[in-house]
Amino acid sequence: MKDTVHNGKYRLIEKRGAGATSIVYKAERVSDGKIVAVKVLRSEYVSDADTVKRFMREADALLKLDHPNIVNVFDYGNEDDTFYIVMEYIEGETLKKVIKSSGGLPEDTVLIIALQICAALKQAHDAGIIHRDIKPQNILITTQGTVKIADFGI
């Protein structure tokens with residue numbers, strides 16, 4: 001999949017993660033060299049109309065959200081039965097990895113993280129969007145310490 005270009009716009013660089021229905025790649029936007037993340041629906045789900053519908057609904061919903069604690073979505077589409085979502089690339093780790101590597105977080109850090117998660121979820125709920133898969137693996141912590149919620153699993 002490396003060096004694959006989606007829709008003539010995004011060149012995949014490396015695999016960064018995988019979930020049950022999709023794979024996330026670090027990619028480059030061909031037009032300006034900006035580094036982005038491209039979430040690609042696994043090929044085995046392309047013929048599952050319900051999964052495709054949920055995947056595209058997630059992209060459409062997130063494109064409408066603008067909050068500093070929610071991963072930005074820039075674009076989405078389908079090219080030759082490859083469904084993809086283009087998102088902000090986050091330098092950092094998942095909350096799961098942060099907790100595991102630190103052996104636990106101090107109470108004040110937990111509160112800071114929780115407040116950012118709650119602010120993001122409030123914004124989404126106010127827009128009628130429910131995150132159906134909140135867990136440490138879907139919470140990203142940037143290298144600057146900002147929380148970013150990803151993978152809404154709509």
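Which residue in β9 is the bridge partner of Ile 139?

The structure is a predicted model, in which local features need pLDDT of at least 70 and side-chain atom pairs count only at pLDDT 80 or more, while totals for chains, interfaces and linings use all residues. Residues are numbered from 1 along each chain as its sequence is written, and side-chain values use heavy atoms, with hydrogens and water left out.

**View 1. Pairing of β8 and β9.** Ile 149 is the bridge partner of Ile 139 in β9. Strands β8 and β9 pair in the antiparallel sense over three bridges; two strands pair if DSSP finds at least two bridges between them. Helices (H or I, at least four residues) and strands (E, at least two) are DSSP runs, numbered from the N terminus.

View 2. Three strands in the order β7-β8-β9 form an open sheet with antiparallel pairing. Strands β7 (92-94) and β9 are the edge strands, each pairing on one side only. On average, neighbouring strands of this sheet are turned by 30 degrees against each other, direction ignored. Helix α2 (residues 95-102) lies across β7 and β8 and runs at about 90 degrees to β7. Helix α3 packs on the sheet, touching β8 and β9, and its direction makes about 35 degrees with that of β9. Axes are lines fitted to C-alpha atoms, for helices over the stretch in contact, and angles run from 0 to 180 degrees between N-to-C directions. Contact means heavy atoms within 4.5 Å.

**View 3. The largest nonpolar core.** This core (buried Ala, Val, Leu, Ile, Met, Phe, Trp, Tyr and Cys residues joined through side-chain atoms within 4.5 Å) has 32 residues, and those with the most contacts inside it include Leu 65, Ile 139, Ile 149 and Phe 152. At least two residues each come from β4 (35-41), α1, β6 (82-88), α3 (107-126), β8 (139-142) and β9 (147-149). Helix α1 gives the most, with six residues. Not counting residues up to four places away in sequence, Leu 65 touches Ile 70, Gln 123, Ala 124, Ala 127, Ile 129 and Phe 152.

View 4. His 67 is placed in the loop between α1 (49-63) and β5 (73-79). His 67 counts as buried because its relative accessibility is 12%; buried means under 20% relative accessible area, exposed over 50% and partly exposed in between (1.4 Å probe, protein chains only). A polar atom of the His 67 side chain lies 3.0 Å from the backbone nitrogen of Asn 69. Not counting residues up to four places away in sequence, His 67 touches Ala 119, Ala 120 and Gln 123.

Note on methods
Polar contact = N/O pair within 3.5 Å; in protein donor to acceptor, adjacent residues only side chain to side chain.
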